Amino acid sequence: MTSESAGVEGVAGSAAEGGGRGEAVGWAAVEEAEPEFAGWVRKRFGAYRHHVLATLRKDGAPRLTGLEADFRHGELWLGMMVGSRKALDLRRDPRFSLHANPGPDADGLADGDVRVSGRAVEVTDPGVVARYAAEVKPPEPFHLFRAELTEVVRTYVEDPHVVLVSWAPDRPLRTVRRTSDDAALRVE
């Protein structure tokens, strides 16, 4: 799915142009393909304001930083301070993972946790940036990226199993259940 087919204009190139492999889609495609799963993911991200973003440094090492993620207009938006290391990382290599804030203790994970991965595409159209700023009111100036997703994962405990439910644009929802004693994964 391109920026234009997702209804978003003013994006500096497509995620397909740099870093990573596989199809990447906007958030609306996840909601369309798996509405119940997507709703759970949004709810989990909505439980807290700040989340953990993983980007790649110039030398390929991972960088973890805090980030506010925002779902609106069928997209997952990532806003950052101008010149921040994470923004520079994404300009150089757009691959990222975003893990929902797990909360203050393990009890916050009773329903599990979520992670999304993909490529971040910087939004440069002044109109799109202005519309976002008018709605969100972030400190200005700022970098704005739109997430193109390659994977969405929910992990939770269903005793005695750890359950991983994952979605990718090129395959249906998949569930894996396992225990510490499992010699092999059980994929449903």
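Buried here means under 20% relative accessible area, exposed means over 50%, and partly exposed is in between, with a 1.4 Å probe and protein chains only. This is a predicted model, in which local features need pLDDT of at least 70 and side-chain atom pairs count only at pLDDT 80 or more, while totals for chains, interfaces and linings use all residues. Residues are numbered from 1 along each chain as its sequence is written, and side-chain values use heavy atoms, leaving out hydrogens and water.

Helix α2, residues 35-46, has 12 residues and reaches 16 Å from its first C-alpha to its last. That is close to the 16 Å expected at 1.5 Å a residue, where the expected span is 1.5 Å times one less than the number of residues. Its buried residues are F37, A38, W40, V41, R44 and F45. Seen down the axis of α2, they fall within an arc of 160 degrees, so they line one face of the helix; the arc is that of the directions from the helix axis to the C-beta atoms. The face turned away from that buried side carries the exposed residues P35, E36, K43 and G46.

Now the strands. Two strands pair if DSSP finds at least two bridges between them. β4 pairs with β1, residues 50-56, in the antiparallel sense over 3 bridges, with V52 opposite H99. β4 and β5 also run antiparallel, joined by 5 bridges, and S97 has S117 as its bridge partner in β5.

Next, salt bridges: a side-chain nitrogen of Lys or Arg within 4 Å of a carboxyl oxygen of Asp or Glu. The whole structure has 12. D89 pairs with R63, the closest N and O atoms being 2.6 Å apart. D89 is in helix α3 and R63 in strand β2, 26 residues apart, and both are buried. R63, D89 and R92 are linked in a network of salt bridges.

R146 and E148 meet at 3.0 Å, N to O. R146 is buried at 1% relative accessibility, and E148 is buried at 2%.

Finally, which residue forms a salt bridge with E158? R177 does, at 2.4 Å between the closest N and O atoms. E158 counts as partly exposed, at 36% relative accessibility.

Notes:
Helices (H or I, at least four residues) and strands (E, at least two) are DSSP runs, numbered from the N terminus.
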